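Subject: Structure handover and findings

Dear colleague,

I am passing on the structure below, together with notes on what was found in it. Please read the notes with the structure open beside them.

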Amino acid sequence: MGIQVLMALAGGLGLFLYGMKLMNEGLEKAAGARLRRILELVTKNRFLGMLVGILFTAVIQSSSATTVLVVSFVNAGLMDLMQAAGVILGANIGTTVTAQLIAFNLSDVAPLFLIGGVVMVMFFKQPMIKRIGEVILGFGMLFFGMSIMSDGMEILKESPMITDILGSLTHPLLAVGVGFIVTAILQSSSVTVGIILLMASQGLISLGICFYIILGCNMGSCVPALIASIGGKKMAKRAAHIHFIVNIIGSAAIMIVLCFLHDQILQMITGISSAMGIEDVYVNGMNAKIARDVANTHLIFKVFQVLICFPLIKPLVKLTYLIVPGDDKKTDNMHLEYISENSVFSTTAAVPSIISETTRMAGIAIDNLSKGVDVLFTKNSSVIEEIYTTEKSVNFLNEQITNYLVKANQLSLPVEDRKLLGGLFHVVNDIERIGDHAENMADAATQLIEDNLSISKDGEEQIRDMFAKTKTLLRYSLEAFEKKNEEHLRDILLLEDEIDELERVLQESHIGRLTRGECDAETGMIFTDVVSNLERVADHATNIAFSIISNSAQKQEI
C-alpha cells in the first residue's frame, strides 16, 4: 500500500509540474512576443510597470519566468533598474493567480482540457493553435495531477507516522526553511504553494504553519533569477537582487507582524473565505474552505509585501549598487556583451538580446568603416593596423552570434520570434560584409602609402560626400532594425537609389579625369574601388533595414 501511495504522489506531482511547465511554455510561445512588447512600451512609469508585471505573470503563471525575463531585458539594455523594480513588484502579486485557480478545484473538468489540448496539438498544423493547445493541455494535466495527488494524500492522512512528521513542523523558522528549499528546487513558488494548498486542504498541515511555509516560498522564488544573472552584466545582477531584497524585506515584515498578531490574521483570513460564501466541505477530497484560505493567504501576503516596498523603490535600487558594486570591466571587442553561454536567460528575451548584440556588432563595423575612409587621406599606419585588429573582432562576433542563432533555433521561442531568426542570420552576414569593406579601405590606404600616391582634393570631396550619404543610410537602417521603426524605410530606398546614381556619376567623372590626364591610372583604380565599396555598403545597409519586413512585396509598396 505504501509503495502504491508513493507512486501515486510521485506520478501526480510529475503531471502537476509538467502541466505547469507546458502551460507556461505554451503561453510564452503563443503570446510571449506580444506581452514583451507591452512590457517594453509601458514600463517607463513604475506604477504602470507594476500593473504590467501583474498581468504578465498572471498570464504566464510564473513570477520566476517574469523575473528572469526582466533580468534578461536589463542585461540586454532594454530596461533600466527603476523600470525592472516596478515589474518585479507586479510579478509578486501576479503569481498568486495560480493558487486562486487551484483553489477552484477543477479536477472534474480536467479530462475535457486534456482531450481538447491533445486534439489541438495533434490535429492542427497552425503553430499558434498548437501553442494554445499546449496551454490547454498543460492546464488539464495540472489539475489531473492534483487529483491524483489528492487521492494519495487522502490515504496518507491515515498513516500515524506521516501525520506525526508533518505535525512536528511547528517551528516558524523550520517551516520557512522548508518552503525556501522546496521552492528553490522546484524553481516555482506557484508549484510549491499549490502543493501546500493541497496538503492543507487534506488536513495534513495547519493553516497557521502554511503562513510560514509561504514566506519561505516567497524567498525561494528568487533563486531562478539569481541563477540567471550569474553570466550577465552587473545591471542584470542588480535586477535579480531587487527581487531578492523585496522578498526578504516583505517576508521579514510579515514575520514580525505574525509574532504579535498571528491569531488575529488567522481569524481575518478564515473570515474572508466565510464572507465569500465558501463552505467548509470536501470536494474531490479537498476542503474547499481551507484551499481558499491558503490561496487568500498567498495573495494577502504578496499585496502587503508590495505595499511596503513600492514607496521604497529608489532606496532599494541604490542598495543593489552596494551589494553589486562597480561597473562592468571594459574589455576589447573579442567578447559577447548581451548573450552568453553561461547565462540561463528567458527564451522570450533571446531574440531581443541577439538584436542588441547584433546592433553592437554593427556599431563596431560602422566605426571601423569611418576610420577606413579617413585613413585614405590621413595615411596613418597605426590606424590601418587598428582597422585590421577591429575587423578580427567583427569576424569573431559574426561567428559567435551565428552560432548562438543556430542554438536559438532549437529553443522554444515565441512564434513571432521564430519568424525573425532567418532574417537575423542575413543581418549578421550583411554587417560582417560591411566590416570587410572597412578592411578593403585599409588595403587601399596601404597601397597609397607604399606607392606614394594621393587621392586628389576633388576625389576626396566626392568620396566624403558619398560616405556621408552612406552613413545616413546606415543610421536609418540600424534604427529600423533595432527599434522596428519603419519611419525611414522610404528615405532608405531613396538614399540607396541616390548612392547608386552617385556611384555611376563618380565613375564617369573619374574616366573623364583619366582621359584629360588629371589622374594617374593606379590612383584611379583605388578611387573606383573605394566608390564601389561604398555602393555595396549601401546595399548591405538596405538589406539590414528590410530584414524587419516579412513580406518582400512590401518593399515595392513603399
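**Salt bridges in the helices**

Lys371 is partly exposed, with a relative accessible area of 23%, where buried means under 20% relative accessible area, exposed means over 50%, and partly exposed lies in between (1.4 Å probe, protein chains only). Salt bridges that share partners join Glu337, Glu357 and Arg360 into one network.

Before going further, please note that this is a predicted model, in which local features need pLDDT of at least 70 and side-chain atom pairs count only at pLDDT 80 or more, while totals for chains, interfaces and linings use all residues. Residues are numbered from 1 along each chain as its sequence is written, and side-chain values use heavy atoms, with hydrogens and water left out.

The structure holds 12 salt bridges, each being a side-chain nitrogen of Lys or Arg within 4 Å of a carboxyl oxygen of Asp or Glu. Lys371 and Asp367 form one of them, with their closest N and O atoms 3.7 Å apart, and both residues lie in helix α16, 4 residues apart, or about one turn of the helix. Helices here (H or I, at least four residues) and strands (E, at least two) are DSSP runs, numbered from the N terminus.

**Surface patches**

Patches are made of residues with over 30% relative accessible area and no salt bridge, like charges being joined within 9 Å and nonpolar side chains (Val, Leu, Ile, Met, Phe, Trp, Tyr) within 5 Å; the accessible areas come from the Shrake-Rupley method with a 1.4 Å probe. Val109, Leu112, Ile115, Val119, Met122, Phe123 and Phe124 make a nonpolar surface patch of about 690 Å². Met122, one of these residues, is found in helix α6 (residues 110-123) and is exposed, with a relative accessible area of 58%.

A negative surface patch is formed by Glu450, Asp451, Asp520 and Glu522, with Asp and Glu counting as negative, Lys and Arg as positive, and His and the chain ends not counted. The place of each charge is taken as NZ of Lys, CZ of Arg, CG of Asp or CD of Glu. Asp451 sits in the loop between α18 (415-450) and α19 (457-483) and is partly exposed, with a relative accessible area of 34%.

**Cysteines and a buried leucine**

With a disulfide taken as a pair of cysteine sulfur atoms within 2.5 Å, the count comes to 0 disulfides. The sulfur of Cys210 is 9.5 Å from the closest cysteine sulfur, in Cys217, which is too far for a bond. Cys210 is buried, with a relative accessible area of 0%, and Cys309 is buried with a relative accessible area of 0%.

Finally, Leu142 lies in helix α7 (residues 127-156) and counts as buried at 2% relative accessibility. Leu142 and Leu15 are 127 residues apart in sequence, and their C-alpha atoms are 6.2 Å apart in space.
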